[in-house]
Amino acid sequence: MMPILRLAFASLANRRTTALLTIAAISLGVTLLLGVERIRTEAREGFANTVSGVDLIVGARGGSMQLLLYSVFRIGNATSEMSWAVYEKIASDPKVAWSIPLALGDSHKGFRVLGTSEDYFRHFRHGRKRKLEFDAGAIFSDVFDAVLGADVAAKLAYKVGDTFTITHGIGDVASAEHRDKPFRVSGILTKTGTPVDNTIHVGLDGIEAIHIDWRGGARVPGLRITADEVRSMKLKPSTVTAVLIGLKSRRAAFKMLRQLNGYAREPLTAVLPGVVLHELWRAVGTAERLLSTVTFFVVLTSLLGMAAMLLAGIEGRRREMAILRSVGAGPGHVFALLLLEAWALTLSGILCGMALLYAALAIGGPIVEALIGMHISMDLPGHSELGLIGLVLVAGLLAGTVPGLIAFRRSLVDGMTVRF
C-alpha cells in the first residue's frame, strides 16, 4: 500500500500544475458549499431566535401567525387591542418572571414606532440570548425621548439630540403628524439583524402623551394640551397591542398557554414564539434550500472536472501504466493508483476549502455583523457540515472510479502499442 501511495503522490507532483488547478477548483467549491451551509444555519437560528428567551407572546384574539408578524416583525396590524387591566393581571401572575408590553400603531417616515417600557431593554434578547446594546446615548428618561434602531438612525441620518415628530397611523393610512409634541433621540441601538433595527422605541407614556388630545384617530376640535402640560400628568395606557412574557419555569409554558387562550375576562391569543417561527421559516425557507442545491452542483462540477482531468490523463499515461504492469503491478494496483490520486486531490481540496472558509469568516465575519447584524460563528463543523464534507469525499472517490476502471480493463499489450 505504501509504495502505491508514494507513487500516487509522485505522479501528482509530476503533473503539479493540473493537480493544483483541480485542487483550487474543488477548494473554492467546498468553501462555497460550507459557507452557504454555515450562513444558512446561522440565518435559520437567527430567525428562530429573533426573540430569544421569550416563552409566550400574548395579544387580542386573532391568528397566531398574525400576532407573531405584528409583534415581532412589525408587519401588519392588530385587529384589536388588549386592555391594560388584563395586561396587569397577566404580569402579576406568579408564574411570570417578567413581561414587556408593546404598543403599535404609529410611524415616522415609514418606520414603525413601538411604545414599550424599560423592561424591553432589560429583558429583550435576540440571537443567542444577546442583550440590546447602545451604540450611542441611553434609554429614554423623558416622556418625549426615543431610542432608534440602527437602520433607522443610519437611513434617516439621525443622531442623539435630534428631534422628530411621529405620524398617526402607518403606511398608506397615516393621517396626520403630532407636530405639537416632538420627540428627541436619546439613544441609538447597535445593529442586531432583527426588526429592532427598523424600529423607533418610545415609552408607553409617550404614546399616551401624543394621543391625549385625540379621539377615534382624530384630534379633538378645540382641545390643545401642550408637551409641557403633558409632562406634569400621570399618564397610564388604556390598552396595549401585545405582550412578551418570560416565565420563571419553561415547564409552565403549556399550562399558561391554555390558561390565556381560554381567558374568561377578555378574548386573547397566546402563542409559543419558537413554534410559530418554525412554521413561518418553513413557509419562507425555500430560497435557502434552493441555494444549497445550487452550491452542491458547483462542487459536483469541480469533481467532474477532476474526473475529466484523470480521464484525459489516461491516454497520455498509457506507457506509464504499461511499464507498471510490466514490473509486476496488477490491474488492481493500477486501479488503486488512480483512486488514490482522486482521493488525494479531493481531500486536499476539502482541507484547502475549509482553511479558506475560516480565513474568510475571520476577516469577513466582523464586517458582516457590523453591516447586517448577523453573527456567523467560527465553531468547528457541525453535523450537517461534516455530512456535506463526507458527501464531497465520496463523490470525489466515485469521480476517480471511472478512469480507474478504464485503466483496469486495459491490457499490457494495449499500453505498449504505438497509436498513430
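Student: Which residues have the most contacts inside the largest nonpolar core, and how many residues does this core have?

Tutor: A nonpolar core is a set of buried Ala, Val, Leu, Ile, Met, Phe, Trp, Tyr and Cys residues joined through side-chain atoms within 4.5 Å, where buried means under 20% relative accessible area, exposed over 50%, and partly exposed in between, with a 1.4 Å probe and protein chains only. In this predicted model, the largest such core has 29 residues, and those with the most contacts inside it are Ile57, Leu68, Tyr120 and Phe124. The elements that give two or more residues to this core are helix H3 (64–72), strand E3 (96–108), helix H5 (119–123), strand E16 (242–247) and helix H10 (273–284). Apart from this core lies another, of 24 residues, among them Phe144, Ala153, Ile200 and Ile210.

Student: What should I keep in mind about numbering and about a predicted model?

Tutor: Residues are numbered from 1 along each chain as its sequence is written, and side-chain values use heavy atoms, with hydrogens and water left out. Because this is a predicted model, local features need pLDDT of at least 70 and side-chain atom pairs count only at pLDDT 80 or more, whereas totals for chains, interfaces and linings use all residues.

Student: How many helices and strands does the chain have, and what share of its residues is buried?

Tutor: Helices (H or I, at least four residues) and strands (E, at least two) are DSSP runs, numbered from the N terminus. By that reading the chain has 15 helices and 17 strands, and 48% of its 420 residues count as buried. Contact means heavy atoms within 4.5 Å; among contacts between residues at least 6 apart in sequence, 77% join residues at least 24 apart.

Student: Which residues does Ile57 touch, leaving out those up to four places away in sequence?

Tutor: Ile57 touches Leu67, Leu68, Ser71, Val72, Val243, Leu244, Thr269, Ala270, Val271 and Pro273.

Student: How do I read strand pairing, and which way do E1 and E3 run against E16?

Tutor: Two strands pair if DSSP finds at least two bridges between them. Strand E1 (residues 56–60) and E16 pair in the antiparallel sense over four bridges, with Val58 opposite Val243 in E16. E3 and E16 are joined by six bridges and also run antiparallel, and here Ile100 stands opposite Leu244 in E16. As for cover, six of the six residues of E16 are buried: Ala242, Leu244 and Gly246 point one way from the strand, while Val243, Ile245 and Leu247 point the other way.

Student: Why do the buried residues of a helix such as H9 line one face?

Tutor: An α-helix has 3.6 residues a turn, so residues three or four places apart point the same way. In helix H9 (residues 253–261), the buried residues are Ala253, Met256, Leu257 and Leu260. Seen down the axis of H9, these residues fall within an arc of 105°, so they line one face of the helix; the arc is that of the directions from the helix axis to the C-beta atoms. On the other side of H9, Phe254, Lys255 and Arg258 are exposed. What covers the buried residues of H9 includes E1, H4, E3, E16 and strand E17 (268–271).

Student: Where is Lys95 found, and which residues does Lys95 touch beyond four places in sequence?

Tutor: Lys95 is found in the loop between H4 and E3, and at 22% relative accessibility Lys95 counts as partly exposed. Lys95 touches Leu247, Lys248, Ala252, Met256 and Gln259. A polar contact is a pair of N or O atoms within 3.5 Å; within protein, one must be able to donate a hydrogen and the other to accept it, and residues adjacent in sequence count only if both atoms are side-chain atoms. Such a contact, of 3.3 Å, joins the side chains of Lys95 and Gln259.

Student: Is Ser52 buried or exposed, and what does its side chain reach?

Tutor: Ser52 has its place in the loop between helix H2 (16–48) and E1, and counts as buried at 5% relative accessibility. The side chain of Ser52 reaches the backbone nitrogen of Lys129 at 3.4 Å.
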